[in-house]
Amino acid sequence: MITDPTLTRIGQGVELHHHRGQPDAARDLFAQIWDDIGGEQGDPLHVCVLAHAMADVQEDVHQELEWDLRAIAAADRITDQRAAQAGVTLSVAGLYPSLHLNLCDCYRKLGDLDRARQHLQQARDGIGALGDDEYGQLIKGGLERLAEQLDDAT
C-alpha cells in the first residue's frame with residue numbers, strides 16, 4: 001500500500017486522467033506536484049513516477065518523449081529500499097518494462113522504428129520482474145499490441 005503522500009497525489013492525477021477523462025486537470029495537478037518536488041532535482045522515485053504519468057497527458061509526442069526520458073533516467077537512481085519505504089510493492093526492476101513500453105510507443109509514433117524495437121526488446125528482457133497480477137498483465141498486453149504494430153509497420 002502506498003504510504004508516500006506525493007505518490008498518493010500523483011495517483012489522484014492518474015485517476016483524473018484514466019478514470020475521469022480529465023487529462024487537462026491531471027496535467028495541471030502534475031505540474032503543481034513537479035514544482036513542489038523541485039523538478040528533476042527531486043526524490044528520484046517521485047521524479048520517475050510523476051514524469052511517467054505526465055508523459056501520458058501530453059498532446060505532443062515530442063513532449064511525451066521528453067517526460068518518458070526523464071522517467072527512465074530517474075528510475076536509474078531509485079533503490080528497492082526507497083521504493084519499499086514509500087509502500088511500492090514492485091521492485092525497481094519491475095518499473096522498467098512499463099518505462100520501455102512507453103518509450104517504444106513514442107519512437108513508433110515518431111517513425112523511429114529501430115529505436116522503438118530496441119525499447120520493445122528491453123521491455124521484454126525485463127518482463128520477468130513483473131508478477132502475473134493485473135498490472136503485469138496490463139504491461140504484457142501492451143507489449144504484445146506494440147509488437148504487432150511494429151510488425152505491421154515493416
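I began with Asp112 and Arg115, which form a salt bridge (a side-chain nitrogen of Lys or Arg within 4 Å of a carboxyl oxygen of Asp or Glu) whose closest N and O atoms are 3.9 Å apart. Asp112 counts as partly exposed because its relative accessible area is 28%, and Arg115 is also partly exposed, at 40%; on this scale buried means under 20%, exposed over 50% and partly exposed in between, with a 1.4 Å probe and protein chains only.

I noted that the model is predicted, so that local features need pLDDT of at least 70 and side-chain atom pairs count only at pLDDT 80 or more, while totals for chains, interfaces and linings use all residues. Residues are numbered from 1 along each chain as its sequence is written, and side-chain values use heavy atoms, with hydrogens and water left out.

How many salt bridges does the structure hold? I found 11, one of them between Arg82 and Asp4, with the closest N and O atoms 3.1 Å apart. This pair links distant parts of the chain, 78 residues apart, since Arg82 lies in helix H5 (residues 80-85) and Asp4 in the segment before helix H1 (5-18); helices here are DSSP runs of H or I with at least four residues, numbered from the N terminus. Both Arg82 and Asp4 are buried.

I then looked up Asp105 and Arg108, whose salt bridge has its closest N and O atoms 2.8 Å apart.

Technical notes. Helices (H or I, at least four residues) and strands (E, at least two) are DSSP runs, numbered from the N terminus.
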